[in-house]
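Subject: Structure handover

Hi there,

Here is the structure I promised to pass on. Please open it alongside this email, and my notes on it follow just below.

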Amino acid sequence: MTKTILATGGAGYIGSHICYELLAAGYQVVVLDDFSNSSAESIKRVARLTNGAPVLIKGDVRDAAILDHVFSENRIDAVIHLAGVKAVGESVQNPQKYYDINVSGSVNLFGSMQRHGVSNVVFSSSATVYGIPEISPLTEDMPANPLNPYGQTKLMVENILRDMTAANPHWRSLLLRYFNPVGAHASGQIGEDPNGIPDNLFPYIAMVANKKQPKLNVFGDDYDTADGTCIRDYIHVVDLARGHVKAVDYLLSDRATDNSAEMVNLGTDQGSSVFQVLKAWEAACGFEIPYRIAPRRAGDAPAYYADSRRAKALLGWQAEYDLARMCADHWHWQSKNPDGYGK
Ligand code: WQD
């Protein structure tokens with residue numbers, strides 16, 4: 001029988017790619033999204049691309065009545081919980097918003113799952129929980145030390161979910177720690193559509209490539225790395241989305257055990273510097289991306305990348321796409337949709 005997955009925040013950048021891959025793998029999908037940083041258009045396009053019929057419900061995860069409605073109207077087999085806010089700088093300015101949406105929203109969702117007997121959940125966590133790591137690759141047992149309220153909320157929800165999974169009969173959860181998701185679906189139909197001027201490297205470069213910003217600010221070229229710029233583990237959003245399908249497959253199989261909450265890194269195990277990213281972007285678009293060296297950005301870690309062996313062992317998942325493909329697909333989406341979904 002077809003299994004149904006609820007994706008909270010499913011209309012967003014990562015969520016829309018996950019919905020695509022779930023539908024392509026034969027799952028039915030219910031999306032709950034408040035459209036605060038997303039558009040219903042993404043799910044319309046996912047429906048067209050897959051010939052699927054995802055159910056789209058507008059609502060906030062802090063609203064218990066909406067959640068109870070979603071769980072009573074649909075037989076949900078597993079939840080992928082992506083809904084939340086994610087701007088590091090804003091979380092420092094307005095921590096209450098982050099604790100409210102990310103933490104209270106999650107507690108509310110898990111409470112509703114409990115009431116409706118839904119016991120499988122995949123949580124969208126982040127490598128940001130590791131803080132500023134001294135060594136890489138990062139394994140899941142390395143200490144967590146988030147450095148800002150956004151990172152704190154991710155770690156708090158991991159801990160809440162671990163306790164709830166241990167306490168509730170038949171609960172199973174996976175806490176997926178994403179490295180740096182970038183790129184877009186190969187169709188060029190779905191991709192990242194940030195509100196305003198983005199903070200993150202790929203969407204910012206995309207704006208420069210589209211002549212919407214004059215140049216990229218490279219935040220520091222005096223780090224202790226080979227070329228002086230920071231190193232991150234960029235992962236293609238389609239690889240990341242497929243990791244979620246594998247996660248759901250796993251939770252719904254007899255390979256998973258009740259009352260277990262596993263942390264799993266999703267990365268490529270490769271680090272790329274800001275300059276390497278810039279070069280790969282130039283190769284993808286065929287022209288130069290103007291940049292200047294700017295001061296270091298507060299709170300940036302010099303370098304880190306994943307060890308994803310647990311994802312391979314547990315889920316049978318490993319990233320496939322390289323940096324060239326990430327840039328090519330991101331640029332394909334952004335050049336075809338210079339105004340994103342055009343809200
Ligand atoms: C990557 C590199 C910058 C912009 C953040 C969050 C993390 C996760 C993803 C999720 C760094 C440099 C960037 C620019 C630059 N959040 N850079 N010029 O900081 O690794 O991770 O986003 O929701 O929690 O912390 O990603 O893309 O912002 O930066 O030079 O205009 O690019 O200094 O080295 P980051 P990023």
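To start, in which helix is Asn108 found? Asn108 is found in helix H5, residues 95-115; helices (H or I, at least four residues) and strands (E, at least two) are DSSP runs, numbered from the N terminus.

Two housekeeping notes before the rest. This is a predicted model, where local features need pLDDT of at least 70 and side-chain atom pairs count only at pLDDT 80 or more, while totals for chains, interfaces and linings use all residues. Residues are numbered from 1 along each chain as its sequence is written, and side-chain values use heavy atoms, with hydrogens and water left out.

Leaving aside neighbours within four places in sequence, Asn108 is in contact (heavy atoms within 4.5 Å) with Val61, Arg62, Asp63, Ala64 and Leu67. The side chain of Asn108 also reaches the backbone oxygen of Arg62 at 3.0 Å. From Asn108 to Ile66 there are 42 residues in sequence and 11 Å in space, C-alpha to C-alpha.

**Two other buried residues**

His81 lies in strand S4, residues 78-81, and is buried, with a relative accessible area of 1%. A polar contact of 2.9 Å joins the side chains of His81 and Ser106. A polar contact here is a pair of N or O atoms within 3.5 Å; within protein, one must be able to donate a hydrogen and the other to accept it, and residues adjacent in sequence count only if both atoms are side-chain atoms. Not counting residues up to four places away in sequence, His81 touches Thr8, Val61, Ser106, Leu109, Phe110, Val122, Phe123 and Ser124.

Ala127 is in the loop between S5 and H6, and at 1% relative accessibility Ala127 counts as buried. With neighbours within four places in sequence set aside, Ala127 is in contact with Arg177, Tyr178, Phe179 and Tyr304. Ala127 and Met156 are 29 residues apart in sequence and 14 Å apart in space, C-alpha to C-alpha.

**The ligand**

The ligand is surrounded by 20 residues, of which the closest are Leu201, Asn217, Arg232, Arg297 and Asp300; a residue is near a molecule if one of its heavy atoms lies within 4 Å of it. Oxygen atoms of the ligand pair with the protein as follows:

- Tyr150: an N or O atom in the side chain is 3.1 Å from a ligand oxygen.
- Phe219: a backbone N or O atom is 2.9 Å from a ligand oxygen.
- Arg297: a polar side-chain atom is 2.8 Å from a ligand oxygen.

The protein covers 89% of the 690 Å² of accessible area that the ligand has on its own (Shrake-Rupley method, 1.4 Å probe; for residues, only the protein chains shown count as cover). Helix H7 (201-209) and strand S8 (216-219) are the elements that give two or more residues to the shell, and S8 provides the largest share, four residues. By type, the shell divides into ten nonpolar, five polar and five charged residues.

**Nonpolar cores**

The largest nonpolar core has 44 residues, with Leu174 and Leu266 making the most contacts inside it. A core of this kind is a set of buried Ala, Val, Leu, Ile, Met, Phe, Trp, Tyr and Cys residues joined through side-chain atoms within 4.5 Å. H8 gives the largest share of this core, nine residues. Apart from it lies another core, of 24 residues, among them Leu67, Ile76, Leu109 and Leu175.

**Backbone points to check**

Most residues other than glycine have a negative phi, and most peptide bonds are trans. The bond from Ser136 to Pro137 is cis, with omega near 0°, and Pro137 sits in the loop between strand S5 (120-126) and helix H6 (149-167). Asn51, in the loop between helix H2 (40-50) and strand S3 (55-58), has a positive phi, near 60°, and is exposed at 75% relative accessibility. Phi of Asn259 is also positive, near 60°; Asn259 is partly exposed, with a relative accessible area of 36%.

Best wishes

Note on methods:
Buried means under 20% relative accessible area, exposed over 50%, partly exposed in between (1.4 Å probe, protein chains only). Ala, Val, Leu, Ile, Met, Phe, Trp, Tyr, Cys and Pro count as nonpolar, Asp, Glu, Lys and Arg as charged, and the others, Gly among them, as polar.
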